[in-house]
Amino acid sequence: MLYDPARHEALQAGEWSADRARETIERIVRETEARCSPDTWWPVHPRDVEPGDAPVPSTTLYFGAAGVVWALERLSREPRANLEALRAGNREWLRANGFGAETASYLMGDTPIELMAYGREPSEARAARLAALIAANREHPARELMWGAPGTLLAAVFLHERTGDARWAELFCDTADTLWSQLEWSAECGCHFWTQDLYGRRSTYLDAVHGFVATASPLARGRTLLGEAAWTRWHEVIVETVGRTATREGPHVNWRPELFDPPGRTPAPIVQFCHGAPGFVVCLGDLPGDELDELLLGAGETTWAAGPLAKGPGLCHGTAGNGYAFLKLHRRTGDARWLARARAFAMHAIAQSERDGPRASLWTGDLGVALYLRACLDGDARFPTLDVFYA
């Protein structure tokens, strides 16, 4: 079996209700705004606290205040957050948790806060700070989205799309060239891969946060900046690795977390955005060409068969994140069945949000659910902060 039933729960049958979706968005926004403190931003949910975490308010894009501010603005609110104070708080969070040198990180560092500040009020000083962050992260040994160069690669393409400034295209191409030089080859698997040096361990993740497809996604988005010849090489590598690492069972497809299992253990199959089939569909749903269509459809079938995630309704490892795979397949194929499935997961995510109580974060909590509900209302397949940053 390509998924672990213990990680999932039965889909709650319920007819799609646009009114209930809108009411839930309003509830989440209202509860989030009411819980903000000028000194501590938003309370960190117990599920977002790891052993050894410093008792400092989280200000990250991933599960802290930066993500909440971004989401509230995306939902047409004006939170009036002081981004300078947010950046100072994020520096303190990084330092207190032993990540003081990681200010360029896309999901945990200063880069998204600087992107928001630039969006509000562009200036040469802010552009220079962003350019320095992107350039400094180019050789990061993690080679993944959360901390490494793929995250700042994404920042460069967002900035180029917004401004057309050649400096962002140059930084994008320089970063892509570095990532190309770091590719490794496995004769055993017949594909290329990256090794991630992350949290004190070397790994070969394939997934949509720390792994291979998390890097494939921004490369595909910025392919016109690379030029036809370079993109053709990248496209061949992406198709090769994704195809060689897929596991098929009948109509279902999934991917193991790592190319090479950690010594002494074989991880159980996972079906969530950050590991497994849904993340592959989200990251590759806009890839040009049809070479991977059969695999992406099979991954969608696996996500549907597995059902909503028992961990909760959020994006990274929750029901809403899995549901975005259906929105991607709806946009890619035009098949209304995928939109219906996305909306079925949306109704289940509403029930989970009501059951679990407030959780003020973008990637792990209620704000991601609110954005997913809006996406289901609009038929919008863009994954928050990966496919869209600026309005």
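Contact here means heavy atoms within 4.5 Å. With that in hand, let's take a tour of this structure.

## About the model

This is a predicted model, in which local features need pLDDT of at least 70 and side-chain atom pairs count only at pLDDT 80 or more, while totals for chains, interfaces and linings use all residues. Residues are numbered from 1 along each chain as its sequence is written, and side-chain values use heavy atoms, with hydrogens and water left out.

Thr385 lies in the segment after α15; helices (H or I, at least four residues) and strands (E, at least two) are DSSP runs, numbered from the N terminus. Its relative accessibility is 0%, so Thr385 counts as buried. Buried means under 20% relative accessible area, exposed over 50%, and partly exposed in between (1.4 Å probe, protein chains only).

Leaving aside neighbours within four places in sequence, Thr385 is in contact with Leu61, Trp70, Tyr106, Leu154, Phe158, Leu362 and Trp363. With Trp363 there is also a side-chain to side-chain polar contact of 3.2 Å. A polar contact is a pair of N or O atoms within 3.5 Å; within protein, one must be able to donate a hydrogen and the other to accept it, and residues adjacent in sequence count only if both atoms are side-chain atoms.

## The nonpolar core

Trp363 turns up again here: together with Val242, Trp363 touches the most other members of the largest nonpolar core, which has 127 residues. Helix α15 (residues 366–378) gives the largest share of this core, 9 residues. Such a core is a set of buried Ala, Val, Leu, Ile, Met, Phe, Trp, Tyr and Cys residues joined through side-chain atoms within 4.5 Å.

Not counting residues up to four places away in sequence, Val242 touches Phe212, Val213, Trp255, Phe280, Leu284, Leu292 and Leu295.

## Helix α8

Phe212 and Val213 are among the buried residues of α8. In this helix (residues 212–221), 9 of the 10 residues are buried, so α8 is largely enclosed by the rest of the structure. Its buried residues pack against several elements, including α6 (149–163), α7 (166–181) and α10 (228–245).

## A buried aspartate

Asp48 sits in the loop between α1 (18–34) and α2 (65–74). At 9% relative accessibility, Asp48 counts as buried. The Asp48 side chain makes polar contacts with the side chains of Arg359, at 2.9 Å, and Thr364, at 3.0 Å.
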